[in-house]
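Subject: Structure handover

Hi,

Here is the structure I promised to pass on.

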Amino acid sequence: MNAFRALFAPISGGSSAMKMVLVVRSDLGLKKGKIASQCAHAAVLCCMRASAGGPGKNKLEAWLMQGQPKIVLRVDSLQEMHLLTERAEAIGVIAEIVRDAGRTQVASGTETVLGLGPDRSAAIDSLVGSLKLL
């Protein structure tokens with residue numbers, strides 16, 4: 001077993017379990033299809049950032065090997081999303097905000113979803129442990 005696989009071998013619940021979290025602003029009243037689209041944008045942005053190199057690349061590879069676990073949570077305001085973004089960046093967790101193009105339900109530039117990770121579940125849980133599922 002190579003060093004990379006050995007490092008991420010315990011994939012179910014252990015300290016090496018990885019995940020991505022998508023945090024949706026519930027105050028916008030987005031329809032289900034719009035939420036799905038915005039979450040997809042957030043996941044792609046996070047993957048692109050992780051693949052750019054550095055420690056994010058190894059985390060991305062581990063997350064891909066584990067089946068790309070994702071959880072969708074909610075916040076009640078833009079301020080709550082910004083605070084979460086700042087906390088994530090402070091501990092080195094990838095944080096990508098989706099800004100809508102404004103062609104359908106919300107104005108151009110509206111911040112709709114925050115993508116966090118991929119990263120170790122413990123790091124992400126320390127940020128979002130109090131949030132509710134969407």
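Which residues does Lys-19 touch, not counting residues up to four places away in sequence? They are Trp-63, Pro-69, Ile-71, Leu-116, Gly-117, Pro-118, Asp-119, Ser-121, Ile-124 and Asp-125, where contact means heavy atoms within 4.5 Å.

Before the rest, a word on the source. This is a predicted model, in which local features need pLDDT of at least 70 and side-chain atom pairs count only at pLDDT 80 or more, while totals for chains, interfaces and linings use all residues. Residues are numbered from 1 along each chain as its sequence is written, and side-chain values use heavy atoms, with hydrogens and water left out.

Back to Lys-19, which sits in strand β1. Lys-19 counts as buried because its relative accessibility is 12% (buried is under 20% relative accessible area, exposed over 50%, partly exposed in between, with a 1.4 Å probe and protein chains only). Its side chain makes a polar contact with the side chain of Asp-125, at 2.5 Å. A polar contact here is a pair of N or O atoms within 3.5 Å; within protein, one must be able to donate a hydrogen and the other to accept it, and residues adjacent in sequence count only if both atoms are side-chain atoms.

Now the overall picture. The protein chain has 5 helices and 5 strands, in the order α-β-α-α-β-α-β-β-α-β from the N terminus on. Both kinds of element are DSSP runs numbered from the N terminus: helices are H or I with at least four residues, strands are E with at least two. Of the 134 residues, 42% count as buried. Among contacts in the protein chain with a separation of 6 or more, 74% come from residues 24 or more positions apart. The chain exposes about 7000 Å², and carbon and sulfur atoms supply 56% of that (Shrake-Rupley method, 1.4 Å probe).

On to the strands, which pair if DSSP finds at least two bridges between them. Strand β1 (residues 18–25) runs parallel to β2 (residues 70–75), and 6 bridges join them; Val-24 stands opposite Arg-74 there. On β2 there are also 2 bridges to β5 (residues 132–133), this time antiparallel, with Arg-74 opposite Lys-132.

Two arginines may interest you. Arg-25, also placed in β1, counts as buried because its relative accessibility is 9%. Its side chain makes a polar contact with the side chain of Asp-27 at 2.7 Å and reaches the backbone oxygen of Glu-111 at 2.8 Å. Arg-99 belongs to strand β3 (residues 95–99). The side chain of Arg-99 makes a polar contact with the side chain of Glu-111 at 3.4 Å, and a polar atom of that Arg-99 side chain lies 3.3 Å from the backbone oxygen of Ile-97. Arg-99 and Gln-38 are 61 residues apart in sequence, yet 8.7 Å apart in space, C-alpha to C-alpha.

Last, a helix pair. The axes of α2 (residues 32–51) and α3 (residues 55–65) come within 7 Å and cross at roughly 125 degrees; axes are lines fitted to C-alpha atoms over the stretch in contact, with angles from 0 to 180 degrees between N-to-C directions. The two helices are therefore oblique to each other (under 35 degrees is roughly parallel, over 145 roughly antiparallel, 65 to 115 roughly perpendicular, the rest oblique). Cys-47, Ala-50 and Ser-51 of α2 make the contact with Gly-56, Lys-57, Leu-60 and Trp-63 of α3.

Best wishes
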